[in-house]
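User: Can you walk me through this model? I'd like to start with the aromatic side chains.

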Amino acid sequence: MKTLNEGAYERVSEMIEKSHELGISVIKTKTGSTVLDVGIGSNGSYEAGRLFAEACMGGLGEVSFGVYPGLSIPSVTVQVANPAVACLASQYAGWALKEGDFFALGSGPARSLYCNEPLYSVLEYKETSPVAVLAIESSVLPPESLLDSISRKCNVDPRDLYVLVAPTNSLAGAVQIVSRVVETGVHKLFELGYDTTMLIHGYGICPISPTPGDFMTAMGWTNDAVLYGGKVWFTLCDKDSAIDSIAEKLPSASSKDYGLPFSELFKRYNYDFYQVDPMLFSPASVSINNIATGRWQNFGRENLELLRREWFEQ
């Protein structure tokens, strides 16, 4: 069976092969690591963002494009098998990367090789792989010394490390961020203490926010796409119906900070991300089909008026 990193590498290989068509740059470091610039010094593309997102899920998820109902704007549809592993052990941005002035959060399956986050103990998941794939949301390329450190921590040769980098305010950046719509629901379940291994399948739809010129606006718009436009459906097998006691808390509207564009909320908290209620970071609506009981439930709803005002009525 392929590891998450090997599944991700299949997407990375396609990106390298089609780099010209995708509008990305492939950079080799002195020690042989490969960095894919998916939107810093290159234009990137939606398709590059799609492959970026699928690599983040270790090959366990598929992303496709459509038009979001009610907004006439492009959207992503995300299908995820084994959501606990694909979203938490791989896609979630949980590895704090710091080297000199550089700081970013790393996502992707390379995290499951290092396993330095508490969630891996809860999931009881760890893998070994001959290749490591890491994804970074950043407006600058990571220093080579950091990449060498990552390869050591992942126990792979530097030549077998592949790092994808895209800024928030880029075509690919927007796509890969909103493609985390299912992951935000899985992570909220995890934070609420739910056994996410009971999840069988995740399906999500999210609008792709327009691409502004600056990072701060892009951060707000991509967050709002999920918080106010993201829709997720979970299929799970929960014989004890443990999901029933927390289901109402799953949509973003259950948070005390719901209702403002994220950029305004961020400003209210003096740009301190950790002051924002962590329960806000979830899809606008969540539907649950518990096949153990046959019960179907839906919580929350989209707030398209907020998105229209923010994106189209400036």
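Analyst: Tyr9 is partly exposed, at 31% relative accessible area (buried is under 20%, exposed over 50%, partly exposed in between; 1.4 Å probe, protein chains only). This is a predicted model, where local features need pLDDT of at least 70 and side-chain atom pairs count only at pLDDT 80 or more, while totals for chains, interfaces and linings use all residues. Residues are numbered from 1 along each chain as its sequence is written, and side-chain values use heavy atoms, leaving out hydrogens and water.

User: And Tyr162, buried or exposed?

Analyst: Tyr162 counts as buried, at 10% relative accessibility.

User: How many aromatic pairs are there?

Analyst: The count is 13, where rings of Phe, Tyr and Trp (its six-membered ring) pair if their centres lie within 6.5 Å; planes under 30 degrees apart are stacked, over 60 edge-to-face, the rest tilted. Tyr9 and Tyr162 form a tilted one, 5.1 Å centre to centre with 55 degrees between the planes. Tyr9 lies in helix 1 and Tyr162 in strand 8, so the pair ties together parts 153 residues apart in sequence (helices are DSSP runs of H or I, at least four residues, and strands of E, at least two, numbered from the N terminus).

User: Switching topic: where does Pro278 lie?

Analyst: Pro278 is in the loop between helix 11 (262–268) and strand 11 (285–290). Pro278 counts as exposed, at 57% relative accessibility.

User: How far is Pro278 from Ser33?

Analyst: They are 35 Å apart in space, C-alpha to C-alpha, and 245 residues apart in sequence.
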